[in-house]
Amino acid sequence: MIKASVVVPVYNPGKYLQQCAESLLGQSLPPDEYEIVFVDDGSTDDSPGWLDALAAANPHVRVHHQENSGWPGKPRNVGVDLARGEYVQFVDQDDELAPEALERMYALGSSNDADIVLGKVGGTMAGPSSVFARTVASCTVADAPLIDSATPHKMFRRSFLLDNGIRFPEGKVRLEDQLFMARAYTRAKSVSIVGDYVCYYWTRRDDGGNNSGNALNLRAYYQNLRQVMDAVVEGTEPGDLRDRLLRRFLRAEMLGRLREPKLNRYSEGYRNAGYKEVRKLALERFREDDGVVSDLAPVVRLRAALLLRDRLDGLRELATRCEKVHAELSVEEVGWRDGAFRIGVRVVLVHSDGRPVVVTERAGRYYLDDELTAGLPTVPDGWDVGDPCRHVHGDLRVHHRDTNTWWFAPELLKGSLERVAHDGPQARYQVVASGEFSFDPDRLAGGGPLPAGRCELSVSVQILGLGRSPRITLDGSPHWEQALVPAVVGNPARIVVPRRMLPTGRLTVEVGDRDQALAGAVASLGVRPLQLGGSRLQLSLPVRTGPDAGSHEVELVVGRAGRTRTLPGRIEPAGAAVLALEDVPVLPAGRHPIALRTDSSGLRSAVPIGVAVVREGRIVAVRGIGYRALPRRLLSRLAGDQRLRHQTYRLLGRLPEEQAELLKKVVRQVARWSRPS
């Protein structure tokens, strides 16, 4: 039985086809359970011959050659017709599938009788999408934000496509992906989402060949958008679902062209042409009082009103004012609780001079800040925002830098109103988005464990229809240093180190301690008193342990360069973690630097954490590294932080040669002085 057919349209792919093919051939699904169908759309390079050779060497690879049709719509349709699998997965020629993609997507889809299976998307061209925040066994477009993922790089039940006549438009058609997905989503009775594993890698080509940034034929683009909207209307009944789906296209494809910052950066000719086409379509499809427009967030609804009232001047002025608004994020608290790192935040909107963006209460109704609306054409009496907190939304976005993947905390921010003190007759309020997020390394990746690597944290927030994405930053207060303690969580145990990055103050979390950030944190926070029992040594560490956490194997290096002893040990959970060494050898009397290495491969240098005091062959005390802590911590950061290291090298490169060489010499001397092994 063939479970899945991978359909790949091909046209002059160059070197990228081989990378794509290797990812498809390397699937964990057995070769007799899936097939790869390449549809060559009249390529003029050497790819047709290369594909034929690939098919000859691999029985589950098939190739179909045809005359060039122009765009991928027809090759995809032909691929569906040729496919023999229960499901069809579309892949572009310059993209890749992760090794377990087909197996995981098919297993989830078939067990839930899904018509469509979405696999989480990653790669250098994939931005954050809350659609993939977590794995969903079964949903529909009525109860999940599926319409926000409108590309066809998904798995479809072949009989579902054929029975419903769902095909791609053929020829050069803009938004052919959205048209296909609008038809599919509105007909699907069950959709599954793989949210805990990156299935599809959408990677930016170094030649820019998969960028879609060329100037649009605006008339054709919006004519095709009409077809997408027609597909939504055809597949839904009048009511909330239809309005919500149409609202997405009004907000993104239409009003998105008329907002900051892009509206005032277009050339005059392009701006006027785009405005003309957008307004023409808006007048055909929407009214200010219909369900689609009336339920937009306040600022977005104001844009729609100015568009329908034919006030491009008002739209430009509104864009100018909104561009000066930014989000101000303050961290209320951070710390570990129940095995998760908790982050309490408060986000508000402020003007460029720091004054809050407010809503004004008049006769029981709330009106948008006069700074945004005063003098706008056709808005003489202010702009009624309805319930100011209704459209507040905020989530924690975790960018895993090593895999370029985005993950989401399960909690959302909530909106509230705070009175702004002033002497005027009218009450003014600031809309606040606040709440607590949990960074749980064992569950954050769509319900599964995060892979090892560095995670950067930001908050995506919508307030009054203005969307901003501020980074989470901490000032240099000692309060935060005491809160940013490492932890050992999970079983098997993993080291997790929250860090305040210099000089920006951005909060990052290191999972797996690949850069040995734990030792730097221990050196900074200080080791605790030790317990001795014969040759057994226990050293208390400023490290939290999560519920049911296991132990973690480490190495302790004692002594100076050329005379070191490497002692195997482990970090054990005990409220605050304990570094336990079972068989400590007899050591020479004196003071000996000690360093910690959490990577037992020996490929990384141990990082200093203290000084051992030895009497009569035994360690009797462990002291902090005192005045040497700063250079050691700095050097350990430089050794483990590639971007910081590159920034340092660039800074040295800007100095005059003589000064640069002198500074390098000093750095080398400090490195030798600080190195324990």
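Between which two strands is the loop in which proline 492 is found? In this predicted model, proline 492 belongs to the loop that runs between strand 20 (487-489) and strand 21 (494-500), and the peptide bond that joins asparagine 491 to proline 492 is cis, with omega at about 10 degrees. Most peptide bonds are trans, and most residues other than glycine have a negative phi. The points below take up backbone geometry, and then turn to a helix and to a residue in a strand.

**Positive phi at residues other than glycine**

- Aspartate 113, although not a glycine, has a positive phi of about 50 degrees, and its place is in the loop between helix 4 (101-111) and strand 6 (116-122).
- Aspartate 113 counts as exposed because its relative accessibility is 54%, and the cut-off for exposed is over 50%.
- Threonine 378, which is not a glycine either, has a positive phi of about 70 degrees, and this residue lies in the loop between helix 13 (370-373) and strand 14 (393-400).
- Threonine 378 has a relative accessibility of 38% and therefore counts as partly exposed, a class that covers values between the limit for buried, under 20%, and the limit for exposed, over 50%.

**Helix 15 and the glycine that follows**

- Helix 15 (residues 517-525) is largely enclosed by the rest of the structure, because eight of its nine residues are buried.
- The buried residues of helix 15 are Ala517, Leu518, Ala519 and Gly520, together with Ala521, Val522, Ala523 and Leu525.
- After helix 15 comes glycine 526, which has a positive phi near 95 degrees.

**Alanine 621 in strand 30**

- Alanine 621 is part of strand 30 (residues 618-623), and this residue counts as buried because its relative accessibility is 14%, where buried means under 20%.
- Leaving aside residues up to four places away in sequence, alanine 621 touches Leu530, Val611, Ala612 and Val613.

Key:
Residues numbered from 1 in each chain as written. Predicted model: local features only at pLDDT ≥ 70, side-chain atom pairs only at ≥ 80, totals over all residues. Heavy atoms only, no water. Helix = DSSP H or I, 4+ residues; strand = E, 2+ residues; numbered from the N terminus. Buried < 20%, exposed > 50% of the residue type's maximum accessible area, 1.4 Å probe, protein only. Contact = heavy atoms within 4.5 Å.
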